[in-house]
Amino acid sequence: MEKEKVSLEDAKEHGLTETEFVEIQKILGRMPNSTELGIFSAMWSEHCSYKNSILKLKTLPTKSEKLLAQAGEENAGAMDIGDGLAVVFKIESHNHPTAVEPYQGAATGVGGIMRDIFTMGARPITSLNSLRFGDPKEARNKYLLTRAVKGIGDYGNSLGIAVGGGELFIHPTFTKNPLVNAMTVGIARHDQMASASTKGKVGFKVYIVGATTGRDGIHGASFASKDLTKESEEKRSAVQVGDPFMEKLLMEASLEAIQKNLLVGIQDMGAAGISCATSEMSAKGKTGMDVDLDKVPLRESDMNAYEIMLSESQERMLVIPETGKEEELVSIFHKWGLNAVEIGTVTGDGILRIRKDGKLKAEIPADSLVLGGGAPRYVREEKRPAYLDEVTKFDPNKINDLSKDTVSQTLNTLLSSLNISSRRPLYEQYDTEVGLVKVVEPGEDGGLVRIPGTKKGIAVATDCNSRYTYLNPYEGAQIAVCESARNVAATGAEPYGVTNNLNFGNPYIPENYYIFSECVRGLGDACRFLGLPVTGGNVSFYNESPEGPVFPTPTIGMVGVIDDVAKGLHTYPRTKEDVVYALVGEFQPTISASEYLYRFHGLDTGKIPTISLTKEKAAIDTLISCRKEGLLTSAKDLSLGGLLVALAKIVISGTKGLEVNLEGLQKSFPRLDELCFGETGASFVISFLSKDEEKVKEKYTKAGLGFTTLGKSNSKSSLSVKGNGFQWEWTSKSLETEFEAGLKGYFE
């Protein structure tokens, strides 16, 4: 593998362009050797350098008085939540590894995002996952889905981190290229947070801690920066292998060292391994490093410098201890049964020097390798895809409306469909009880967890309707932000900050880059309007197979904060008293682009629901205001499947029945398919005690939002819906049976 001199052909094999190869020679003032070429190829890969996205990402709103770390400065975003506490959170992808080896691919995705959180000095308290897979009726898709879910569950459960929520979207576009986006949220004290920097501490020692280094994961970063092909199936060496029990030990040792103020800096070894950790820590601290690879604990013999530098073996950290505290650091990691070995020194000349076998194997300016330094930055050609104009021509009125006799079965079918049915077969494989933090469990709109030792809570949600962003990238991305904010608000918490995972196809295809660019623009505009900072995230390009790109999926991870978890909301009322239900917000349902249209007519087309940021913000703010005044007993966001699906989920989740009258809404929406199953934005179904109805109505009216009384609870354990010319009734048991049936068989 190692060569003293390399060629342009070698560079191209490493995913570098001729222009980039020439630039590397300019930076070095000479031809690179193979180890240097490998380091550049990993660090300049899309996965590490964000070279085709960073200029677009810089347009996102990243400012907030609550930020404790600016986007991109540290391993994860951090925001002040009062009382000397910070919420630390981030989302990242492990798409390509999952497509090749789903169990380890998904598991190590969880491990990587956990390390990003606890290297900040935050203890992870909850995790989420946003998943996209092909139809599990196909054997390969079922294998990918079930093995990925098991990998996520096994790793997270072994670490003892509760799952707080997530999402799953099934569609043929994800058949060859599933998406696995993992999010973790942690809590830190302001005075016990760590940095991923040398902080200019020239002469300080550099240690590698944690697991040994092997050959697993070599080329992982560059592998994640290419299209998936048949050859990808043979790239299993590019997929890391995780050990969650080792990670648990590493987490405890790292947090102990941070809390005892032993460290100058700490950096996870994720993509590109030692190459990334050494160069990024050096560049952030405006220093260099001199590293001796002969000191790195190895698990395989005869590893050369190239392999050691590019290994992505899991559960490893690079740390810089305070001078005089090295022995105490080593003793902590040894106590937890982990390696802690000095491998180098911080230098003052900005150069990363790598030695092995007594020879200098690499000598590179650290800043030239990293994001914001010498790594290339591009804006690619954009071209609006022709299909975007075609889909807007769809006329939903050409679809035959439902008859009153077919609505009942339509609801049953939608409840058991793959994109609406219960996610219990997934989240029951995850530990939701560990740490005793759960308040609102997975399966509702958003999750809510308590912060141990306080009354405060953190609400969490991940959202993106991939169909919407396919049909209208700009507005679809805005809807993803707003839906995530609505789901956080539905728990009673105030939306606080955003992390994102942007999953797209090959950026060198102009149509793909246009869609990416428009999604980023929509994401930025929505976050600015809602006053939410983007604290960081991840970009995953090349999510396509020979059949084409996946639906564009800018996954939004959002956190919210509530002052007292005892005042949180569920999707169903928990009071024993009877309550009144109302539909509030900007209810404008359409079957265009809906799950109903896809499920019953096989169409992914039409105009997506109208987006009004003004109405969305008003709906969220009014809901939170009502919650703070103690006026609400529950809240349920309207999204996939429309009004009738939302009402059914309320009955399924709760203990009360529900009587609904739709006659008033029929006047505005006479089509039954549109009224019952059309999708909309800026809308909730809320409940409250009858004595508070006028107060709640007044608040929504003053906010310029719609308020329609739907009905009231009953003790019949059923959903009863009547209107002009129809009356339907479902028992809660029958609804639950349909709802639980959709995914169950695939996980048995």
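Predicted model: local features only at pLDDT ≥ 70, side-chain atom pairs only at ≥ 80, totals over all residues.
**Notebook: strands, domains and a few listed residues**

**Entry 1**

Next I looked up the strands. S4 covers residues 123-133, and its pairing with S5 is parallel, over 8 bridges. I reminded myself that strands of a sheet pair through backbone hydrogen bonds, in either a parallel or an antiparallel way.

Then I asked myself: which helix packs on the sheet? I found helix H8, residues 139-159, which touches S4, S5 and strand S6 (179-189). The direction of H8 makes about 175° with that of S4.

**Entry 1: the whole sheet**

I then traced the strand order. The sheet is open, has 6 strands and mixed pairing, and reads S1-S2-S3-S6-S4-S5. At the edges I found strand S1 (67-69) and strand S5 (162-170), each pairing on one side only. From one strand to the next, the twist averages 20°.

**Entry 2: another strand pair**

Is S8 mostly covered or mostly uncovered? I found it mostly covered, with 6 of its 6 residues buried. S8 is joined to strand S10 (residues 316-321) by 5 bridges, and the two run antiparallel. As an example, I noted that Ile-266 has Val-319 in S10 as its bridge partner.

**Entry 3: residues from the record**

Why does His-94 count as buried? Its relative accessibility is 12%, and the cut-off for buried is under 20%, so His-94 qualifies. I also found a polar atom of the His-94 side chain 3.3 Å from the backbone nitrogen of Gly-109.

Glu-312 was my other pick. I located Glu-312 in the loop between helix H12 (305-310) and S10. Glu-312 is buried because its relative accessible area is 2%.

**Entry 4: the domains**

Last, I looked at how the protein is divided. Domain 1 takes in 8-51 + 195-368, and domain 2 takes in 569-745. How far apart do the C-alpha centres of domain 1 and domain 2 lie? I noted 51 Å.

Key
Residues numbered from 1 in each chain as written. Heavy atoms only, no water. Pairing = 2+ DSSP bridges. Helix = DSSP H or I, 4+ residues; strand = E, 2+ residues; numbered from the N terminus. Axes fitted to C-alpha atoms, helices over the stretch in contact; angles between N-to-C directions. Contact = heavy atoms within 4.5 Å. Domains from an automatic or database assignment. Buried < 20%, exposed > 50% of the residue type's maximum accessible area, 1.4 Å probe, protein only. Polar contact = N/O pair within 3.5 Å; in protein donor to acceptor, adjacent residues only side chain to side chain.
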